[in-house]
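Trainee: I have some questions about the model I was handed. Can we go through them in turn?

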Amino acid sequence: MKYDIIVIGSGPGGYIAAVRASQLGKKVAIIEKYATLGGTCLNVGCIPSKALLDSSHHFYDAVHHFEEHGISVENPKFDFSKMIERKAKVVEQTTGGVKYLMDKNNIDVYEGLGSFEDATHVKVTKNDGSSEVIEGTNIIIATGSKPSTLPFITIDKERIITSTEALKLKEVPKHLIVIGGGVIGLELGSVYKRLGADVSVVEYAPTITPTMDKDVSKELTKVLKKQGVKFNVSHGVTAVERKGDEVVVTATNKKGEEVTFTGDYCLVAVGRRPYTDGLGLENAGVKVTERGQIDVNDHLQTNVSNIYAIGDVVRGAMLAHKAEEEGVVVAEYLAGEKPHIDYNLIPGIIYTWPEVAAVGKTEQELKDANVAYKAGKFSMRALGRSRASGDIDGFVKVLADKNTDEVLGVHMVGARVADLIMEMAVAMEFRASAEDIARICHGHPTYSEAVKEAAKAAWDGKPLNA
């Protein structure tokens, strides 16, 4: 079979690229080595983790917050197996939705491992060992990423686990040790803390979420500590050993002292690596960087002119929505259109509670670039909607150019900020000023008023409700 475009990998980047290419009149095939479509995000990442975060959040509220709302529930209990079962149903519905989209858009789906025979031919090896070769005028690599580990750690997938295993445990850990204070570690740590586990986070950097704005890291540390999560920053892990049903993690603290942590599970959440295993890139002559990423230009084109790569296998943040946008860009570019993507305006989100969201530059990045800026900050505690719901932790911070007032970065911690951040992403796409945002009427009472107030604080230093 010959296709205009072959997409290898059916995660958010891959399946969206396939859909957009088909919409633009291309004959498209997609190759997926697993039995279900959707990649890491839909199967063992974003979607299942949010399902468990929501379930555990409901239980946590029942235990800690229902009483203050006048709701009495004696000894709330949870059925962990039902939570896992519900998560599996959500995943099944979502991946089934991707299969529906493939059928709707007349995209041929090949189940098996895709590997290059040469620059235009891809071999699909099925689970039963049989194979077939298909031909593509253009090929898009969208094979995503896998969890990283440290060289001295052996992941046994039972007690020493990655995020994949953490989403399908048979029990709630008594003490979960999380190596890595980034997005994945904090989200999954939150799930199990809410369900009664002791959770200890061991982070090499001086703060959790080290790439985010420092005010965000500070606030998130404070609120998660209040929830009972223990943080051990500036700790370099040197060994992880399993001893029966226990795991011992050895680390060196900032004083140079050796310390140990003992738990029944250890989640290794030290990031992810590009996944190109078995692709046969060498057969097509595709170059990779020293970090294992596929090297691409501004059009996401590799050194082989008809081969493109998107998502976690290329440079940039490993985010599902970034992969989706790149999939659209490549599909439209191949159809002769002139798409664009602004990497500065891709939001970063952490689905703890309160949530964390950011877009644009951090304060430290502006300082390092010698950009003159002004900052406006508004506390969620001063917001009527937050007091009504009881979600008073967090803030919104707006960074604007000191001379032009253009919004350069926005950082939020609070209820529903994962959704609120998009107001500012849209505003920044249109080069809005802090005054523009401050002068837009926001509904009352809403969480979004915090955005208006922070923008006013950045614009003229005079928020109305603080």
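Trainee: In which strand is phenylalanine 116 placed?
Mentor: Keep in mind that this is a predicted model. The strand in question covers residues 113–116. Phenylalanine 116 is therefore in strand E4.

Trainee: Is phenylalanine 116 buried or exposed?
Mentor: Its contacts include Ile8, Val122, Ile139, Leu281 and Ile307. The relative accessibility of phenylalanine 116 is 1%. Buried means under 20%, so phenylalanine 116 counts as buried.

Trainee: How many residues of the lining of the second largest pocket come from H3?
Mentor: That pocket has a volume of about 750 Å³. Among the 32 residues lining the pocket, His57, Asp61, His65, Trp353 and Asp391 are the closest to its centre. Helices H3, H7, H11 and H12 each supply at least two lining residues. H3 gives the most, and its count is 7 residues.

Trainee: Which strands stand at the edges of the open sheet of 5 strands?
Mentor: The order is E18-E19-E22-E21-E20, with antiparallel pairing. An edge strand has a single partner, so one side of it is left without a neighbour in the sheet. The edge strands are E18 and E20.

Trainee: At about what angle does H12 run to E22?
Mentor: H12 is helix 417–429. This helix lies across E18, E19, E21 and E22. Relative to E22, H12 runs at about 170°.

Note on methods: Residues numbered from 1 in each chain as written. Predicted model: local features only at pLDDT ≥ 70, side-chain atom pairs only at ≥ 80, totals over all residues. Heavy atoms only, no water. Helix = DSSP H or I, 4+ residues; strand = E, 2+ residues; numbered from the N terminus. Buried < 20%, exposed > 50% of the residue type's maximum accessible area, 1.4 Å probe, protein only. Contact = heavy atoms within 4.5 Å. 1 Å grid on protein atoms, 1.4 Å probe; cavity = no way out; pocket = protein on both sides within 12 Å on 5 of 7 lines; lining within 4 Å. Points joined across faces, edges and corners; volume = space filled by probe spheres on them. Pairing = 2+ DSSP bridges. Axes fitted to C-alpha atoms, helices over the stretch in contact; angles between N-to-C directions. Lists of a residue's contacts leave out its neighbours within four places in sequence.
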